[in-house]
Amino acid sequence: MQAWQVHELGEPSEVMRLQDVPAPTPGDGQVLLKVRAANINFPDVLMARGHYQVRPPLPFTPGVEICGETEDGRRVLANPALPYGGFAEYAVADAAALLPAPDSLDDAEAAALHIGYQTGWFGLHRRAHLEAGETLLVHAAAGGVGSAAVQLGKAAGATVIGVVGGAEKAAVARELGCDVVVDRKSEDVVAAVKEATGGRGADVIYDPVGGEAYTQSTKVVAFEGRIVVVGFASGAIPSPGLNHALVKNYSILGLHWGLYNTKNPKLVLHCHEQLTELAARGAIKPLVSERVPLGEAAAAVQRVADGVTTGRVVVVPSLANGAAA
């Protein structure tokens, strides 16, 4: 089979190589899956660079989220068991962790439903307890993680403010349903959010960016607000001022979704049931901006690394090279 492999650490476009390799052999409790679609996530970038908390042995195949097909023809969502990731024709995954792919979504959409939407659901509902009528601010609102949080926030009845970088991403955020869109490249984020909220600030802030975005969050979080720290796509990990959290009465909440797979896997299944129901009634639908063939995966992962994509970019092995849409 064909699979992308990382033999040394660095930028994805430089270290990912497409190779002919034997199909992986499932271990105990694992199944072999034909990859129907593999969604690109920022952890794929970080793993290629050697900066992720999970460091698979070299060489490894990136791709942490797929829609796959079992030997008996079932469509399932899975997190492949590294080092045999999803940017390949076949992957392996733990049988006990497979989730049924929603009938309402095609393969690429289904592949993009899992990590980003689970993270959003746990962050907004389990950690921040977002309530209808509250104001939710989402950083990087046009990106893969952010777009999921926007849709989940709207589905929960929140007023959603999306912060984006650039006019193209602002247009995407509006299409996603953001009530207010702030372009950080042309606007003062703090001033714009304060104006939009009448000086009150946002009740819940969803931050997959870190760095300057986190600093802005502390300036616009409402009394008894909650800042959900999801990741550091900016590359800068902030050092929060706890004295500031004290005097302004806000909470800083960390979220590592992957821990729920080991600490409380029943909640992951419950969340998937909630997401499947939301997808069935059209309340959420992953924004797939590109579907690319397997041969173009490395370039696509690099585009995600460079922050120039919107929504989700999904690798579809059945597509012929040059057939991206």
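D203 counts as buried, because its relative accessibility is 5% and buried means under 20% relative accessible area, with exposed over 50% and partly exposed in between (1.4 Å probe, protein chains only). D203 forms a salt bridge with R200, and the closest N and O atoms of the two are 2.7 Å apart; the term salt bridge stands for a side-chain nitrogen of Lys or Arg within 4 Å of a carboxyl oxygen of Asp or Glu. R200, at 47% relative accessibility, counts as partly exposed. The model is a predicted one, in which local features need pLDDT of at least 70 and side-chain atom pairs count only at pLDDT 80 or more, whereas totals for chains, interfaces and linings use all residues. Residues are numbered from 1 along each chain as its sequence is written, and side-chain values use heavy atoms, with hydrogens and water left out.

A search of the whole structure finds 11 salt bridges. One of them brings together the side chains of E69 and R36, with 2.8 Å from N to O. This pair links distant parts of the chain, since E69 belongs to strand β4 and R36 to strand β3 (residues 30–39), 33 residues apart; helices (H or I, at least four residues) and strands (E, at least two) are DSSP runs, numbered from the N terminus. E69 is partly exposed, with a relative accessible area of 24%, and R36 likewise counts as partly exposed, at 26% relative accessibility. Another salt bridge is formed by D107 with R75, whose closest N and O atoms are 2.8 Å apart. Here too distant parts of the chain are linked, with D107 in helix α3 (residues 107–111) and R75 in strand β5, 32 residues apart. Through salt bridges that share partners, R36, E69, R75 and D107 are joined into one network.

The strands that carry E69 and R75 also pair with each other. Strand β4 (residues 66–69) and strand β5 (residues 75–78) run antiparallel over 4 bridges, where two strands pair if DSSP finds at least two bridges between them. Within this pairing G68 stands opposite V76 in β5. β4 and β5 form a hairpin with 5 residues between them, and G73 in the turn has a positive phi of about 90°. β5 has a further antiparallel partner in strand β7 (residues 99–100), to which 2 bridges join it, and there L77 stands opposite L99.

Which residues touch the most other members of the largest nonpolar core? They are F122 and L136, within a core of 83 residues; a nonpolar core is a set of buried Ala, Val, Leu, Ile, Met, Phe, Trp, Tyr and Cys residues joined through side-chain atoms within 4.5 Å. When residues up to four places away in sequence are not counted, L136 touches L124, L130, A149, G153, A158, T159, V160, I161, V204 and Y206, contact meaning heavy atoms within 4.5 Å. A second, separate core of 17 residues includes V163, V190, I205 and I227. In soluble globular proteins, nonpolar side chains tend to be buried together.

F122 also takes part in the aromatic arrangement, for W121, F122 and Y260 form one aromatic cluster. The structure holds 2 aromatic pairs. The rings of W121 and F122 have centres 5.2 Å apart and planes at 80°, so this pair is edge-to-face; rings of Phe, Tyr and Trp (its six-membered ring) pair if their centres lie within 6.5 Å, and planes under 30 degrees apart count as stacked, over 60 as edge-to-face and the rest as tilted. Both W121 and F122 are buried.

The peptide bond from L58 to P59 is cis, with omega near -10°, and P59 is found in the loop between α2 (42–49) and β4. A cis peptide bond also joins L82 and P83, where omega is about 20°, and P83 has its place in the loop between β5 and β6 (90–94). A140, although not a glycine, has a positive phi of about 55°; A140 is found in the loop between β8 (135–139) and α5 (144–155) and counts as partly exposed at 34% relative accessibility. N249, also a residue other than glycine, has a positive phi near 55°. N249 lies in the loop between α9 (242–248) and β13 (251–254), and is partly exposed, with a relative accessible area of 39%.
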